[in-house]
Each structure stands twice: as structure tokens, then as C-alpha cells.
Amino acid sequence: MIIRQATDKDAEQLMNLIAHVESTSDFMLMEPGERNNSVEKQTKMIEHFNNQSNSTLLVADNDGLCGYLIAIGNTSIRNKHTAYLVIGVHQEIRGQGIGTLLFEAVEQWAKTVGITRLELTVVTENEAGVKLYQKSGFEIEGTKRRSLKINEILYDEYYMSKLL
């Protein structure tokens with residue numbers, strides 16, 4: 001298993017992985033099929049993150065992409081030290097340590113670029129996600145009430161962070 005920065009060559013595999021994660025997880029922001037994606041759009045997204053000094057797109061590669069973690073850095077002077085995280089792991093290998101490896105890698109990356117705060121949100125009912133994030137050192141800061149509507153049901157999200 002290699003955790004590395006995504007390249008243009010990963011565009012199609014990453015596009016397919018993101019679509020798979022969104023179709024097999026009940027708690028992603030986007031509905032299955034909602035994302036209007038293409039290899040060209042995915043390539044531009046990879047290039048965008050690779051050209052930002054405080055953003056990155058990491059992938060877990062095991063003879064094919066099986067996980068991703070996007071760190072979206074802020075651009076204002078006052079919050080440039082923070083990055084918002086989005087993570088996804090292929091359904092067949094969730095719970096096997098890929099998420100932990102991705103979090104370890106993003107933390108190492110963050111320290112090299114001056115990021116001192118990582119943050120994310122997670123649906124409160126996503127017990128596996130909350131457990132992974134807490135295992136990785138994230139703490140719950142608060143609750144975003146009725147933040148998402150999934151299948152006509154309103155869900156709360158925890159706002160979580162890790163200070164480096």
C-alpha cells in the first residue's frame with residue numbers, strides 16, 4: 001500500500017473511486033450520481049490541488065486506487081493555517097487501516113506546509129467514521145444541527161478538528 005499525492009494519470013481511477021464511495025456510503029455529501037464528473041474535470045481538480053501550497057489530494061494505491069483524502073486549504077490570511085478534509089475508502093476494504101494511513105500522511109504533509117489545524121464534518125450516526133476520526137486524534141467541537149437531508153431525513157453533523 002502506497003499513500004501518495006494524486007497525479008493527472010490518476011484522474012479516471014479517482015473519478016470512478018469517488019463515484020463508488022458516493023454510491024456505497026450513506027453519509028457522503030453528494031448523492032450517488034449527483035456529481036457531474038468527467039476525466040477532464042477530475043484532471044483539473046487534481047491539478048488545482050497540486051498547484052495550491054496549502055491543499056493536497058492524497059490517494060491510497062494498492063495496484064489501483066482504493067482510497068483518497070482531500071485537504072482543502074483556506075486562502076485568507078487569518079485562516080490559511082487550516083485545512084478541511086474529505087476522505088473516502090472503497091467499500092470492500094473499509095475498516096482495514098486505509099483511513100488511518102491517509103490521516104497519518106495528511107498530518108505529515110500538513111506539518112511541512114504550515115497547516116496547524118485540520119477539520120472535518122461527519123454525520124453523527126456515522127459511528128465508524130466518528131471512531132476513525134477520534135482514533136486519528138480528532139475531537140468533537142460542536143454539532144451542526146439538521147445539517148444534511150438524506151432520503152428525506154434530517155441529520156446532525158459533528159464538527160471535528162485536530163490541532164497539530
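Guide: Let us start with Asn-151, which is found in the loop between β6 and β7 (153-163). Helices (H or I, at least four residues) and strands (E, at least two) are DSSP runs, numbered from the N terminus. This is a predicted model, in which local features need pLDDT of at least 70 and side-chain atom pairs count only at pLDDT 80 or more, while totals for chains, interfaces and linings use all residues. Residues are numbered from 1 along each chain as its sequence is written, and side-chain values use heavy atoms, with hydrogens and water left out.

Visitor: What phi does Asn-151 have?

Guide: Most residues other than glycine have a negative phi. Asn-151 is not a glycine, yet its phi is positive, at about 50 degrees. Glu-152 lies in the loop between β6 and β7 as well, and its phi is positive at about 70 degrees although it is not a glycine.

Visitor: Does Asn-151 count as buried or exposed?

Guide: Buried means under 20% relative accessible area, exposed over 50%, and partly exposed in between (1.4 Å probe, protein chains only). Asn-151 has 63% relative accessibility and therefore counts as exposed. Glu-152, at 67%, counts as exposed too. By contrast, Glu-141 in strand β6 (residues 139-150) is partly exposed at 47%. Val-122, placed in strand β5, is buried, with a relative accessible area of 4%.

Visitor: Which residues does Val-122 touch?

Guide: Contact means heavy atoms within 4.5 Å. Not counting residues up to four places away in sequence, Val-122 touches Gly-129, Val-130, Tyr-133, Asp-156, Glu-157, Tyr-158 and Met-160. Distance along the chain is another matter: Val-122 and Tyr-159 are 37 residues apart in sequence and 6.9 Å apart in space, C-alpha to C-alpha. For Glu-141 and Phe-103, the separation is 38 residues in sequence and 19 Å in space.

Visitor: Which residues of the largest nonpolar core touch the most other members?

Guide: A nonpolar core is a set of buried Ala, Val, Leu, Ile, Met, Phe, Trp, Tyr and Cys residues joined through side-chain atoms within 4.5 Å. The largest one here has 23 residues, of which Leu-85, Leu-102, Phe-103, Val-106, Leu-118, Tyr-133 and Phe-138 touch the most other members. Two or more residues come from each of β2 (56-61), β3 (65-73), β4 (82-89), α3 (98-113), β5 (117-123) and α4 (127-135). Helix α3 gives the most, with six residues. A second, separate core has 14 residues, including Leu-14, Met-28, Phe-49 and Tyr-68.

Visitor: At what angle do helix α1 and helix α2 pack?

Guide: Axes are lines fitted to C-alpha atoms, for helices over the stretch in contact, and angles run from 0 to 180 degrees between N-to-C directions. Helix α1 (residues 11-24) and helix α2 (residues 39-50) pack at about 100 degrees, with their axes 8 Å apart. Angles under 35 degrees count as roughly parallel, over 145 as roughly antiparallel, 65 to 115 as roughly perpendicular and the rest as oblique. The two helices α1 and α2 are therefore roughly perpendicular. Their contact involves Ala-11, Glu-12, Leu-14, Met-15 and Ile-18 of α1 and Val-39, Gln-42, Thr-43, Met-45 and Ile-46 of α2.

Visitor: How do the axes of α3 and α4 cross?

Guide: They come within 10 Å and cross at roughly 40 degrees, which means that α3 is oblique to α4. Here Gly-99, Thr-100 and Phe-103 in α3 meet Leu-132, Tyr-133 and Lys-135 in α4.
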